[in-house]
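User: Hello! I would like to learn how to read the features of a model like this one. Could you take me through them step by step?

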Amino acid sequence: MQLHDARRLHYDVRLEVDGVLKSWAVPRGPSLDPVVKRLAVFTTDHDLEYASYEGVHADSKYGSGAVIVWDAGVYTNLTPGSAADAISNGHLKVRLHGVKLSGAWAFTRTGEDWLLVKVRDDDADPSRDLTVSEPRSVLSGLTIEEMAASRPGGQET
């Protein structure tokens, strides 16, 4: 998951599916509260190499602004069938095994957009907001503001 300070600060959830990164922009970031529904805008597929990108885009096919890897890990598809089929059908349930995020999450299409919701499980915690308490990159240790100030031009890590 990347934090991207483009026209608007947002979190990019990226899941490897069939050799590409399927991507959703989540403006307010993930919530650990199963009651909270977060807008998730399905975006362009990204190349696998982009998963570890940190830097500052001038103006590229992936937008402009600073990018950090806010969380990293793997996922398990919990939806019957393939993740690609689940996305096509408008409902994907996954278990995240990240540095910051763990547990089950559901993506549900609602017309043009999607919702991202934390599933009620042992990892749900309505009292914690990781977007506030854990602002740093899991790769570089930088905040988005530090990345914007220190690495113009971008750098893959």
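Analyst: Gladly, and we begin with burial: a residue is buried under 20% relative accessible area, exposed over 50%, and partly exposed in between, with a 1.4 Å probe and protein chains only. Y11 is buried, and W70 is buried as well. Please keep in mind that this is a predicted model, where local features need pLDDT of at least 70, side-chain atom pairs count only at pLDDT 80 or more, and totals for chains, interfaces and linings use all residues. Residues are numbered from 1 along each chain as its sequence is written, and side-chain values use heavy atoms, with hydrogens and water left out.

User: How should I read the confidence values?

Analyst: pLDDT is the predictor's confidence in each residue, from 0 to 100. Here the protein averages 93, and 92% of the residues score at least 70. Residues 153–157 stay under 50 in pLDDT, and the model has 15 contacts for them beyond four places in sequence, a contact being heavy atoms within 4.5 Å.

User: And how do I read an aromatic pair?

Analyst: A pair of aromatic rings is described by the distance of the centres and the angle of the planes. Rings of Phe, Tyr and Trp (its six-membered ring) pair if their centres lie within 6.5 Å; planes under 30 degrees apart count as stacked, over 60 as edge-to-face and the rest as tilted. By this rule the count is 6 aromatic pairs.

User: What kind of pair do W24 and F42 form?

Analyst: W24 and F42 are also edge-to-face, at 5.2 Å centre to centre and 65° between the planes. This pair links distant parts of the chain, as W24 is in strand β3 and F42 in strand β4, 18 residues apart. W24 is buried at 0% relative accessibility, whereas F42 is partly exposed at 31%.

User: Which strands pair with β3?

Analyst: First the rules: helices (H or I, at least four residues) and strands (E, at least two) are DSSP runs, numbered from the N terminus, and two strands pair if DSSP finds at least two bridges between them. β2 and β3 run antiparallel and are joined by 7 bridges, while β3 and β4 are antiparallel over 4 bridges. W24 has F42 as its bridge partner in β4, and V17 has V20 as its partner in β3. Of the 7 residues of β3, 6 are buried, so β3 is largely enclosed by the rest of the structure.

User: How are the hairpin turns built?

Analyst: The hairpin of β2 and β3 has 2 residues between the strands, and D18 takes a positive phi near 50°. D18 is exposed at 70% relative accessibility. The hairpin of β9 and β10 also has 2 residues between its strands, with G111 at a positive phi near 75°. These two strands are antiparallel over 6 bridges, and T110 stands opposite D113 in β10. β10 is also joined to β4 (residues 37–46), antiparallel, by 4 bridges; A40 stands opposite W114 there.

User: What about a charge over a ring?

Analyst: The rule asks for NZ of Lys or CZ of Arg within 6 Å of the ring centre and within 35 degrees of the ring normal. K118 lies over the face of W105, at 5.3 Å from the ring centre.

User: How do I read the core?

Analyst: In soluble globular proteins, nonpolar side chains tend to be buried together. A nonpolar core is a set of buried Ala, Val, Leu, Ile, Met, Phe, Trp, Tyr and Cys residues joined through side-chain atoms within 4.5 Å. The largest one has 29 residues, of which L15, W24, L92, L101 and F107 touch the most other members. Elements giving two or more residues include β2 (9–17), β3 (20–26), β9 (102–110) and α3 (144–150). β2 gives the most, with 4 residues.

User: What does L101 touch beyond its sequence neighbours?

Analyst: Leaving aside residues within four places in sequence, L101 contacts M1, P30, L32, W70, D71, L96 and L130.
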